Amino acid sequence: MFTLLLNTHLFSPENNGIKNILICSGKIIYIGDDIPHLDPILPRETLDLEGAIVIPGLIDAHCHITGGGGESGPSSRVPTPMLSQYTRAGVTSVVGVLGTDDLTRNTQTLVTQAYALREEGLSAWCYSGGYHLPLMTLTGSARSDIVNLDPVIGVGELAISDHRSSQPTLDDILRVASETHVAGLMTGKAGILHIHLGDGSRGLDLIRQSLTVSELPARIFHPTHINRNKTLFDEGLKLVKEHNCTIDLTASPDCDTDPGWSAAEGILRYHNTKLPNAQLTMSSDGGGCLPKFNKDGEITSMHIGNSKILLQTLAQLKEQGICLEQTLPYVTTNIARVLRLKSKGELAVGMDADLCVCSNDLQVNYLMAKGVWHIKDNCQHIAGTFENN
Ligand SMILES: [Zn+2]
């Protein structure tokens with residue numbers, strides 16, 4: 001089946017203006033001003049989008065795909081998010097993580113859930129490990145997990161500067177980082193260490209030290225939650241400037257940003273620094289609980305992360321005059337580069353047909369994942385296996 005999309009306002013993520021797109025077998029095979037001629041014998045579907053915005057499907061690189069939480073007793077374990085929670089949010093690629101609970105949640109269930117999402121039509125990967133050391137793994141080591149398990153592309157989210165961490169030392173971090181780096185070399189996978197930052201005053205110290213004393217390249221360190229407090233955010237900017245690291249913002253519900261910056265504020269501040277746009281990414285912490293703790297380490301409030309915050313953040317910035325082609329790379333091309341997802345993040349010939357058709361305020365009206373419509377004219381065509389029960 002050929003799908004021909006006419007008159008799209010294409011953000012690839014660059015603003016390409018009005019273009020026609022032809023899709024076949026899950027891939028983009030033509031983008032241009034002409035209407036490709038197809039032999040009438042070929043099955044096809046033609047949609048005139050009349051200038052509607054078309055963007056790449058988003059990559060949400062930090063999702064608790066098995067459900068996270070569990071930090072306030074067993075009943076606080078967040079249920080597994082279902083397929084439409086991603087597709088309704090414009091997300092076509094996810095990377096699953098384990099967090100605080102890397103014991104009752106494990107690599108086995110994480111890998112299985114990545115396979116489940118793949119079976120349902122999404123592109124999905126995951127990390128080996130979780131907050132703690134020794135790392136939760138499936139095959140005995142993170143290096144072996146990355147080399148032997150198709151969906152595993154790195155290690156994360158390993159916690160530092162947090163009361164919930166294993167209080168890792170510099171040697172611990174170097175050992176884990178070298179494992180994931182070597183596994184990346186052996187496989188061509190990302191081989192990155194995705195690091196959860198807490199509110200502790202040590203901040204990014206362990207990453208800075210790792211980059212100073214070791215031969216490890218900066219590309220393998222991908223610290224997240226950088227906007228959770230203002231001091232950490234400033235430290236993150238310095239890490240980009242001095243080491244050319246890529247830092248990750250967490251987009252949380254607005255009510256939950258104190259004492260940090262919302263992702264939108266973080267992006268505006270990042271723009272003001274004139275640091276390279278390519279060194280910033282954004283993820284949602286979808287399916288995770290976003291707890292606030294008092295000084296005794298007790299939870300005072302909790303929200304559940306959801307991928308929909310990503311497009312909401314871009315919409316908020318668009319309203320403030322920041323154009324989509326500037327902000328889309330944080331959830332498309334930049335993160336695809338960090339994760340070495342070669343056919344993702346960009347709408348171009350030869351890339352996967354992962355795309356969203358959006359309204360001007362970035363509501364998802366259509367979503368295609370690997371050439372298959374999941375949402376069409378606002379109707380959910382494909383739902384998760386148990387969503388309609
Ligand atoms: Zn985290």
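A crossing of two helices is called right-handed if the near helix is turned clockwise from the far one by less than a right angle. The views below show a predicted model.

**View 1. Helices α4 and α5 cross in a right-handed sense.** The axes of α4 (residues 170–187) and α5 (residues 205–213) come within 10 Å and cross at roughly 65°. Angles from 65 to 115 degrees count as roughly perpendicular, and α4 and α5 are therefore roughly perpendicular to each other. On the α4 side, the contact involves Leu170, Ile173, Leu174 and Ala177. These residues meet Leu206, Gln209 and Ser210 of α5. By class, the contact of α4 with α5 comprises 5 nonpolar and 2 polar residues, with no charged residues.

**View 2. Helices α7 and α8 also form a right-handed crossing.** Here the axes of α7 (residues 263–273) and α8 (residues 308–319) come within 9 Å, and the crossing angle is roughly 50°. That angle makes α7 oblique to α8. Ala263, Ala264 and Ile267 of α7 make the contact with Thr313, Gln316 and Leu317 of α8. The residues of this contact divide into 4 nonpolar and 2 polar, and none is charged.

**View 3. Six strands form an open sheet with parallel pairing.** The strand order is β6-β7-β8-β9-β10-β11. At the edges lie β6 (58–63) and β11 (221–224), each of which pairs on one side only. From one strand to the next, the twist averages 30°.

**View 4. Strands β9 and β10 run parallel within a bridged pair.** Strand β9 (residues 152–160) is joined to strand β10 (residues 192–197) by 6 bridges. Strands of a sheet pair through backbone hydrogen bonds, either parallel or antiparallel.

**View 5. Domain 1 and domain 2 are in contact.** The domain assignment of the protein chain gives domain 1 as 2–55 + 346–380 and domain 2 as 58–338. The centres of the two domains, taken over C-alpha atoms, are separated by 30 Å. In the contact, 18 residues of domain 1 meet 19 residues of domain 2. Strands β17 (364–369) and β18 (372–376) each supply at least two residues of the side of domain 1 that touches domain 2. By class, the residues on that side of domain 1 are 10 nonpolar, 3 polar and 5 charged.

Technical notes
Residues numbered from 1 in each chain as written. Predicted model: local features only at pLDDT ≥ 70, side-chain atom pairs only at ≥ 80, totals over all residues. Axes fitted to C-alpha atoms, helices over the stretch in contact; angles between N-to-C directions. Helix = DSSP H or I, 4+ residues; strand = E, 2+ residues; numbered from the N terminus. Parallel < 35°, antiparallel > 145°, perpendicular 65-115°, else oblique. Contact = placed C-beta atoms within 7 Å. Nonpolar A, V, L, I, M, F, W, Y, C, P; charged D, E, K, R; others polar. Domains from an automatic or database assignment. Pairing = 2+ DSSP bridges.
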